[in-house]
Structures are given as C-alpha cells and as structure tokens.
Amino acid sequence: MKLFVSEGNPHCLKVLAALEVTGVQCDVQFVNHEERVVPFLSRPALPALLLPSRLHLFSSNAICRYLFEVSGQDCSELCGQWLEWEATDLQPAVLQAFHMAVLQGKGSEVSKVLQGSLNYLEQSLSKRNTPYLTGDAVSVADVVLWAALYPILSDSSLPFGEGNCVKTWFDRGAALHSLQSAAQKVLQGKGLQGMKSYMQKLPAPQSSACRDTQPCNSSPAECEESERLVSEEEMEAAAVTWSKSLSAGPSATDRQHPILPVDGKRNILVTSALPYVNNVPHLGNIIGCVLSTDVFCRYGRLRDWNVLFVCGTDEYGTATENKAREEGLTPQQICDKYHAIHASIYKWFQIDFDYFGRTTTEKQTEIAQDIFWRLHKHDFLMEDTVEQLRCENCQRFLADRFVEGICPHCSYPEARGDQCDKCGRLINAVELREPQCKVCGQTPVIRSSKHLFLDLPKLESQLEQWLDKSTSTGDWTANAKQITRSWLRDGLKPRCITRDLKWGTPVPHPDFKEKVFYVWFDAPIGYLSITANYTDKWEKWWKNPNQVELYNFMAKDNVPFHSVVFPCSLLGAQDNYTLVSHLVATEYLNYEDTKFSKSRGIGVFGDMAKDTGIPSDVWRFYLLYVRPEGQDSAFSWSDMATKNNSELLNNLGNFINRAGMFVAKFFDGCVPPMELQPEDKKLLALVGWELQQYIQLMDKVKIRDALKHILNISRHGNQYIQVNEPWKKIKGGDTERQRAGTVTGVSVNIACLLSVMLFPFMPTVSQTIRDQLNAPQSCIGTMLQGTGTFVCALCPGHRIGAISPLFQKLEVDQIEALKKRFGGQQPEDEPPKKKTTAQSAASTQPAAVPAPAAEVAVNGVDPEKAKQLTQAVAEQGEKVRTLKAQKAEKAVITAEVAKLLDLKKQLALAEGKSPEPAPQKGKKK
C-alpha cells in the first residue's frame, strides 16, 4: 500500500495519526496539493491510499477506517455514527473555523463557529461516562475527531470554553505520540499557520447558516457540486471520450441458458437469501434480499460480467407444517401455493432471476445427504442428548421459532427459541424464561431427545483462516464482518443439525431415520440444489473456487448462518466447494415508525404493492433510495411522495422530457449538429465524473449511494438547459440557433446515458427512455465499460421517437389514503379476535371501553404519566443500546435492562394494559 499526503492538509493529519496508532505497514509519500494521484478524479484528492488491488481510497475517514480494520479493529455501529457526524457536522464547521483563523485573522470568532459541535460532543461524552467515544479503548472515531480538532484545540491563543469532558477526552489524544508526530509532519511546527498554503487554494466555505438550510437527505455529492472544479485537461479528455464510437458487443439483455463459467471472464455466482415459503414478503424483505441482488446482477451484466443469479423458496420446517394445518392443506400444497405467490410478487417487482427454484426437490435431498455423509466420514459430526421444549397440548416438540420467552441474556420479553432479536445472542430454547408455545399459548415442558451436531469447534481454525482471506479481499459489509467476529470472539460451540419433525430433508443415518435436517443446515444447501435443478453442470459453479466469485445477499439476521455455519459445513465436506467471497448484508427497513405486521395490517406487503396504482419502478426507486445500507431506515409514505415528485418528476423526468421535446419541437425529431464550447466540455467532464463515481460505488455494492449520482447528472442537465435557454436561442440568428442545437444534442445524449445507468434500478423506465430516444442497443454495452465511457450515442441526424412524460405526481390525498389503508386497524375498527383456551380462561374482565378524551386517569389509565414514561423508556432504551455498543460489563447492562423492563411495566399500567406478557397466538412468519 502507498499513502499519498501533503503538508498543511488537515485531512492528512487524520490518516497519518491512524497509521501511527494502528502500526500498519504502508509507504508514505508527500506530494504537493495540486498533484492528482487518483487518475479518474476530476480534481486533486488528498489524502489518497493506493490499495494492493490498485484501487484508491480518497476519503480521509474511509482511509482511517480501512487502516483500523486491516489491523484487526472493526468499526462498531456507534463508531460509524461518530464518523458520519464528523464528516457531515463537525468537518464543515472546522473548515470554516480554519478559514476564519488562518485567512481572515478572526481567531477570536472561531469559538462561535465550533461551539455547537463542541456542545454536542460534551453532552455525548458526559452521558456515556467512558474515557473514549465508543467505550474503554481508543477507536478510529477518537483518532479522526482528535485529529480534526487538534489544530484548533491545541492552539492556546484561541479562546475556547470547551467543557470538562471534551477537555479531558482531547487531552488524552493530544498526549499521544502518534498524534503529535502526525501533527509535526503535516503542520511543520507552525500550528494553524502551517495550513495557510492549503487553505488559500480552497473555495470559501459555506457559513453555518447556509449549511443549516441543506435538506437532511441530500447526499455529499449534491452538496459538493458548487465547489467542484474541472481542469482544462479533464474537459479535453471528456471531449475525446465523447467523440468515440459505440462498441459492438453483445447486449446485457442477451443471455443463453444455461449460463456456465467462462474462461477469461469475471464469473460471478449471486444468491439472495431464500425467502421462507409460508409467508408473503413485505417491503423490508424485498429490499433486503431479492431487489438489492437484482440491481447488482443487472449492473454486472451491463459491465459484461458473466453473472448467474439463483434464488428460490425455503420450504421445509415446522412453520410450513403449522401453516398447512391452519389452512387445511398438506405441507406440499402450502409450498406449491406460496411458491407461486412469491414468484408472482417478484415478477411484478421485475426481479430478473436466472432461475427461481425451491428446496422441496430430489436434488436437495441428494446434495444435503451427500454433504452430511462427507461430514460424518471426516468426523465433524457428534451425537448428544439434548433437552427440548415439548408442547403437550399440541403433542409435538417445538421448533425454535415456535417458542417465545424472556431472553436469558438481556431480558427482552419476546426472544425466539434460537436467537434474541434485541441483543443478537444465540439461545437454546430451554434457556428462555417463561417460555410459551406460539401456537396455543401454553407453557411447554422439557423432554430429552438424541440429536446430531456439527462439531464447529473442530472446524474453527479452518474457518478463521478462510475468513481472514475472504473478508480482506472481498467486499463484506461492515455489519457482516462485525456479526461474524462477535460469533468467533466467544468461541464456536457444536450446532445441532437435526430436528424432531416430519416435513424436511430426511436424515439418512439409520439411528436417526425419524428425524429431518434442521433448517439452518439444510436451507443454505438449497442454493446448490436450486442451481442443480437449473443445470446438471452445477458443480462448475459450486465446486470451482478458483474461477468463481460468490456473492451472498441477505438481511443482517441471516449473517451467522452464511458466514459461519454454512461455510463450516462446506469446509468439513472437503469437496472443493466455492465459498462466499462477498457477503452483503443490509440493516432493517421499518414501516413508518413501527414494524411490518401482516396480522395487524401494518405495512405494505409484496402482494399489495401492485394494487396501489404506483408502478413497480417507482417502488423499486424509493426502496433503493432508502436502502438500509449502514443503519436501519424506514419506509415513509410522505417521503416516498416527496422523492417521487422532486427527484423523479421534477428532476430526472423533467430533464429527460425537456431534452427529447426540444429535439422533437425545434429540430423535427432529428438530433442537431453539435459544436462543443468550453461550457459543454465542462458539463461532459462533470457528467463523466459522476459516471465514474457511480461505477466505483456499484462495483462495491454501495447501491443507494450510486443512485444519488444518477440524480446528480440530471441536476447538472437541468441547470445546463436553464442557463442556456435553447427555447429562446432557437428564435435567434444562426449562431444562437447553432448554440440551441448543441445544448439540445448534448442534453439528449445525457438522457441516453441516464437510461443506461437507470437500467439496474428502474428497468421499465430505462427501456421507455431508450424507446423514446430510439437509442441504439449498443449504447447499453458501451457506457459502463472500464471506469465509464460517456460517448455521443445519438449522433447528428439520429431520429428519435415519440416523447411523453415518464412519471406522474403522487397527490397528497392519494398518499394520505394509502397511509391510512396500510396503517393497521384502529381499535374501534378491529374485529373481535378468537381467543385460545388459555386466553379465554384468563379473560374474566369485561371488554375495555374507549377512554374519555380528557387527559385524566380513568380506570387506571393516566395519559400524562404515560407520556412521561414513554420518554423515560426511550431514554433508558438508548442508554441500554449505548452500553451494548460499548461492550460494557455484563452486570452493568443487566442492571440497566432491569430498569428498562420496570419502566415498561409502569408504562403498561399507565396505559391501562397488563404489565405481564400475555399468551400469544401464532404469528405468521
């Protein structure tokens, strides 16, 4: 690796400090501020880190984070939040302070600019009561914030009234040799004045008042636009690329099945987590798995990668048996019914699988049993007698997902029998406190049963060796790495692979012939069997690790089974299996301010979306716009309307429609001749830079961020049209008419580029644009080659088709109606529910009547107290989450969780509810 830095650049102070703290071996080269070390950027970018893969990192925070991860120190979620705050809030204020102190001589006013940020830092540190930002040890967040503030807080001449917590925290960092050494190298012992030459080359920063007017959902790329400088060389290079011809390669939409690995090409096998067959997927399921996967696969085909995308329904297990009993069907009939529902939903969302299969097949039995016997042969299986929960009322052993109770680790009251959704810890169902059968609500009893286990401790060293290589060379999301490391940190334990069920892949061992494989041993093997049902040459994909890259897409709750359990099964089988190279996990998508619930009618589920009248491409766009890449996000009807009306209708659609209409109206439907002026070349360079960013982000599966660069291009285009006013110039003399033609021709070609970039996100809109522009098919295979190739695809004389609007406005009343429709049943609308025997026996109280509107305590209901307790619960919940993120002592966390549960009980009483968990009916999963 080689790190490029420059003297006087405060961003370089961060990366040099991180390099010293982590001790990572890396060459450091000092260059001048103007040197372009990242070849495809339109402006100098320092610091820059050249990776062994020849890729560049050129964000100081990203470089610092990378150095820490290379040294084995992963970035926690809390750490990531601090880095985001530093980049979006602290850094603009710090740069303004530098500008005032260094160039304007207003050092006495610097405190006003930074006081808000320092107050926030003070409050956060005082609340956490830890020596460092994320806990008891120095993290990358500490180093980045120390370095950002060092030039100012270490200058004794500047008047600052920083709080005690900030001062204590900063002094710890300032005392570090690594920070002092980095400061000496960058500032040359001159303090703030050491940055003068660097600051003189920067544009004046926005004032805090201007920054505060930025919309909260604007991307960094959007905010930087007004400050981006384009050099003459970049403008000329963009013009040269523009003049190149379209390449005559195969279309990304032309596929010959079966797709098999090809020598000399990038062969990419892509899987999406198999959706469980017994339910209808909601929007969170769709964006977390199949939609994200589809976007990446469509993009990969545009890049001329050899991509195979397989998925299917996961059909075995207790949930299917119970669903069958509930609907009066056989398990196979339930699987057939819901497989068809899933396939129909994904077809409407335009998910372009190469093959969508299922796990209830002969191939599944054949491959799963082969892996089982291989593990048995290599002594990676063991027998043990385990205690299980059995419901005497239902006369069956309870699968993990059909028992709920209080988590033994964090006291979360709705922990499942295999894992707690709150603390993430694995659980044996018998460890739950106050367990309940989710089918009938009765308390189960403990019974013994003999089972087979995968001996994970025996495979741990092999797994660690493979993980070290895969996580360092592949694109694993931060949460995937973090969850996997947390499993390994506590040491692996044997994992049961059999269950006392009927509906599943049978265990072939004669001593266990009455059992089936546990779903988390069996289900991932579905990827292999589904591929085997697609082609009998499936082993060319799944037993070919040297030629095939495997991408797994999923939500974060599926990570351990794909990063630990399934790889251990394949490693233990010792049959040259292809293991995951890139594990891409999303966080959770919530619905408005709550969770999706089919039983309560809350949220949009896949079979409902098409009934809203909103096109599937608009659904795709918004789900991808709010894709939970780094943290949980939420679907919001009002935000969806805003994004549709502002980004799609007024920005993207407006630009493409205007460009096409100018050709049709002013030039008789033919693209006019173009004579590029410096202004046009500048636009080509800006658009080319956005294209390069899009490709770089999509290559790294940063799908949401890449989408913002598409919207940036149409923003550039709208501004270009608005400034040049071709509708006025067309009425002028020859020179003005020529200018109108150039602006129109360039704009309609940008529209063509946008149609290609949109294809992974909005395939129907993409095709519609290309149809309206009568764009040559070869434009699809040209634009995304290399680092981006923006060529003139619609040459002078090219005749376009009929132009019409691409998007429709979402009206307020339409959105309000949809919001109400999918907001769940209101208490007065809720039909009476059929009670279980247990509930009927316990329910001796008369039905509740609506409380009076006045805010007074009625029948134990105290609205004012409930309001106060709601706030207290939220604050205590935040405290618990913070302690967990900081990995505080278990006893401390347990005590705070107990306080949280007590507050929740008080809140339930204040709301007139029972504070005890009531027996639950079976929920649809």
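Which residues of helix α7 (residues 177-187) are buried? In this predicted model, they are Ser-178, Leu-179, Ser-181, Ala-182, Ala-183, Val-186 and Leu-187, and these buried residues pack against α1, α5 and α6 (164-174). The protein that holds this helix has 925 residues, of which 55% are buried, and it is built with 34 helices and 20 strands. The points below begin with the protein as a whole and then turn to single elements and residues.

**The protein as a whole**

- When contacts in the protein between residues at least 6 apart in sequence are considered, 77% of them join residues at least 24 apart.
- The accessible surface of the protein amounts to about 40,100 Å², and carbon and sulfur atoms account for 50% of that surface.

**The open sheet and the helix across it**

- Four strands make up an open sheet, in which the order is β2-β1-β3-β4 and the pairing is mixed.
- At the edges of this sheet stand β2 (27-30) and β4 (56-57), each of which pairs on one side only.
- Strand β1 (residues 2-5) pairs with β2 in the parallel sense, and four bridges connect the two; within this part of the sheet, Leu-3 is found opposite Val-28 in β2.
- Helix α1 (residues 10-22) lies across both β1 and β2, and its direction makes an angle of about 145° with β1.

**Helix α7 and the residue that follows**

- An α-helix has 3.6 residues a turn, so residues three or four places apart point the same way.
- Just after α7 comes Gln-188, which takes a positive phi of about 55°.

**Ser-139, in a loop between two helices**

- Ser-139 is placed in the loop between α4 (110-128) and α5 (140-153), and Ser-139 counts as buried because its relative accessibility is 10%, where buried means under 20%.
- Leaving aside residues up to four places away in sequence, Ser-139 touches Phe-68, Cys-79 and Thr-134.
- With Thr-134, one of these residues, there is also a polar contact of 3.4 Å between the side chains.

**Gln-388, in strand β8**

- Gln-388 belongs to strand β8 (residues 381-391), and with a relative accessible area of 11% this residue is buried.
- If residues up to four places away in sequence are not counted, Gln-388 touches Phe-397, Val-430, Val-445, Ile-446, Arg-447, Ser-449, His-451 and Asp-500.
- The side chains of Gln-388 and His-451 are joined by a polar contact of 2.7 Å.
- Gln-388 and Ala-429 lie 41 residues apart in sequence, while the distance between them in space, from C-alpha to C-alpha, is 7.1 Å.

**Salt bridges**

- The count of salt bridges, taking a side-chain nitrogen of Lys or Arg within 4 Å of a carboxyl oxygen of Asp or Glu, comes to 45.
- One of them is formed by Lys-265 and Asp-304, whose closest N and O atoms are 3.1 Å apart.
- This pair links distant parts of the chain, 39 residues apart, with Lys-265 in the loop between α11 (232-242) and β5 (267-272) and Asp-304 in the loop between α12 (283-302) and β6 (306-313).
- Both partners count as partly exposed, Lys-265 at 32% relative accessibility and Asp-304 at 37%.
- Another salt bridge brings together the side chains of Glu-392 and Arg-390, with an N to O distance of 3.8 Å; here Glu-392 is partly exposed, with a relative accessible area of 34%, whereas Arg-390 is buried, with a relative accessible area of 18%.
- The side chains of Lys-728 and Glu-725 also meet in a salt bridge, at 3.4 Å from N to O, and Glu-725 is partly exposed, with a relative accessible area of 26%.
- Salt bridges with shared partners also join Asp-370, Arg-374, Glu-539, Lys-543 and Asp-575 into one network.

Methods: Residues numbered from 1 in each chain as written. Predicted model: local features only at pLDDT ≥ 70, side-chain atom pairs only at ≥ 80, totals over all residues. Heavy atoms only, no water. Pairing = 2+ DSSP bridges. Contact = heavy atoms within 4.5 Å. Axes fitted to C-alpha atoms, helices over the stretch in contact; angles between N-to-C directions. Buried < 20%, exposed > 50% of the residue type's maximum accessible area, 1.4 Å probe, protein only. Polar contact = N/O pair within 3.5 Å; in protein donor to acceptor, adjacent residues only side chain to side chain. Areas by Shrake-Rupley, 256 points an atom, 1.4 Å probe, with all protein chains shown as cover.
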